[in-house]
Amino acid sequence: FFEAPRGSQRYAAELVLFLESDVDAYAAEFEEDFKTHDRGRTAMAISGGNSWFWDAHCEWLLGNGDTARVRAVVYAFGRHTLRARCAVPPDAALGPREAARGEADWTRTVRFGLRIGRERGMLEVSLSHRRVIERKPLVLCSKPWYNVGGLERRYPGAVEEWLRYHHEVAGVQEFWLYDIDGSLAPFLQASALAQAVRYFGRWPDAFPVLREMTDRGWPETTEALAFDHCLYHNLGAADWIAYLHGLDAYYYRSRGDVRNVRMDLAASLASLRDRYPRDPPLCAVSIRRCDFGGDLDPRQGRAAGGPASSFRLRAENCSLHGAFERDDPVLAGDGSALYALGHRAVCRPDSRTDVLGLEQWRANHYIDSWKGRCGPRCRMRDDGLLRLLA
């Protein structure tokens, strides 16, 4: 990506790396993290004298056969995911003349080296210059789903309804959707919004340890890497990157603005950010969760469409959890967000977070879609979202 510090011009490159390990050790670590993730670990490790990373560097292969070696800065994403950043030497950067000509074949090769204790690793990556693209107001990322066909059998048309609603009502311009078993593919092929979807089927197949963890019954292990993948592909290409976990969750604005004009989620987020000064930046916004469920009216039966058409009773106080505990965060696309841990955003120290009130936007979570979980908590009738599905 391109930087312009203090009036000068330079390039830097960032890599997101996944460190594979012994599957049994990984399973034990993940189980421990799974139990404690709501505590919100936010520590950030930077390479240096007091860090457990050392001798991290990038070697750039120049066109004349020489190499240029620069030091890398490394951030830790929990235990297994790293983000490495290194400057691009002037001889390896895309020069003003090449940029002006819009050269599409500009590529550079970099070798990233990392030593942790006595272990050494070297990874060679080819980088292509990102051409100027239209910046998207809002991109939505899913976790890797599975058994989408099972949900469609219960709620025919659920995938198409979910896509259409978030595109037309919430203002999502592009969807990045993942699955672990290929079950989403048939429903995207038939979708009228297929052109707005980036689909990554059978996501864990490229990572042997994640594939085995998934086969052992831990599909949750694939989430963090999918979220990192979506976030870092869209930095600088989107204003906001939203994590919405499932087809049983819908963004919903219960009130219009004072001019009685519908404001989509992207516009609401932009308005919120405009209320802050540029320093420090707004890193992430929590959109509060609201649980829906309850018994269906036996005379009515299950409605056609997704879960939102079938469950109209919500919990009185929406949720038993506080902000960023069980909410789905929305991260800024300017690089101030490092990653998401569970339902929490992990931000640079010089940034801030905020919360949208339930009367502004919320995430309706239809938790009884698969089995009854809400029970007597869901007793308040709330069918406002249904009008928007028509």
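**Aromatic residues, core and cavities**

Analyst: One aromatic cluster is formed by Trp176, Tyr178, Phe200, Trp203 and Phe207. Rings of Phe, Tyr and Trp (its six-membered ring) pair if their centres lie within 6.5 Å; planes under 30 degrees apart count as stacked, over 60 as edge-to-face and the rest as tilted. The model is predicted, so local features need pLDDT of at least 70 and side-chain atom pairs count only at pLDDT 80 or more, while totals for chains, interfaces and linings use all residues. Residues are numbered from 1 along each chain as its sequence is written, and side-chain values use heavy atoms, with hydrogens and water left out.

User: How many aromatic pairs are found in the whole structure?

Analyst: The search finds 11 aromatic pairs. In one of them, the ring centres of tryptophan 162 and phenylalanine 175 are 5.8 Å apart and the planes meet at 50 degrees, so this pair is tilted. Because tryptophan 162 lies in helix H4 and phenylalanine 175 in strand S9 (residues 174-179), the pair ties together parts 13 residues apart in sequence. Helices (H or I, at least four residues) and strands (E, at least two) are DSSP runs, numbered from the N terminus.

User: Is tryptophan 162 buried or exposed?

Analyst: Tryptophan 162 has a relative accessible area of 0%, so the residue is buried. Buried means under 20% relative accessible area, exposed over 50%, and partly exposed in between (1.4 Å probe, protein chains only). Phenylalanine 175 is also buried, at 0%.

User: And which residues touch the most other members of the largest nonpolar core?

Analyst: Trp162, Leu163, Phe175, Leu177, Tyr251 and Leu265 do, in a core of 50 residues. Helix H4 (residues 158-168) supplies the largest share of this core, five residues. A nonpolar core is a set of buried Ala, Val, Leu, Ile, Met, Phe, Trp, Tyr and Cys residues joined through side-chain atoms within 4.5 Å. A second, separate core has 33 residues, including Trp203 and Val346.

User: Changing topic: how many cavities of 30 Å³ or more are there?

Analyst: There are two. On a 1 Å grid over the protein atoms alone, a cavity is a set of points where a 1.4 Å probe fits but cannot get out, and lining residues have an atom within 4 Å of a point. The largest cavity holds about 40 Å³ of space. A volume is the space filled by probe spheres set on the points, which are joined across faces, edges and corners.

User: What lines the largest cavity?

Analyst: Its lining includes Phe292, Arg312, Asp382 and Leu386. Strand S20 (residues 362-366) gives the most to that lining, with three residues.

Conventions:
1 Å grid on protein atoms, 1.4 Å probe; cavity = no way out; pocket = protein on both sides within 12 Å on 5 of 7 lines; lining within 4 Å.
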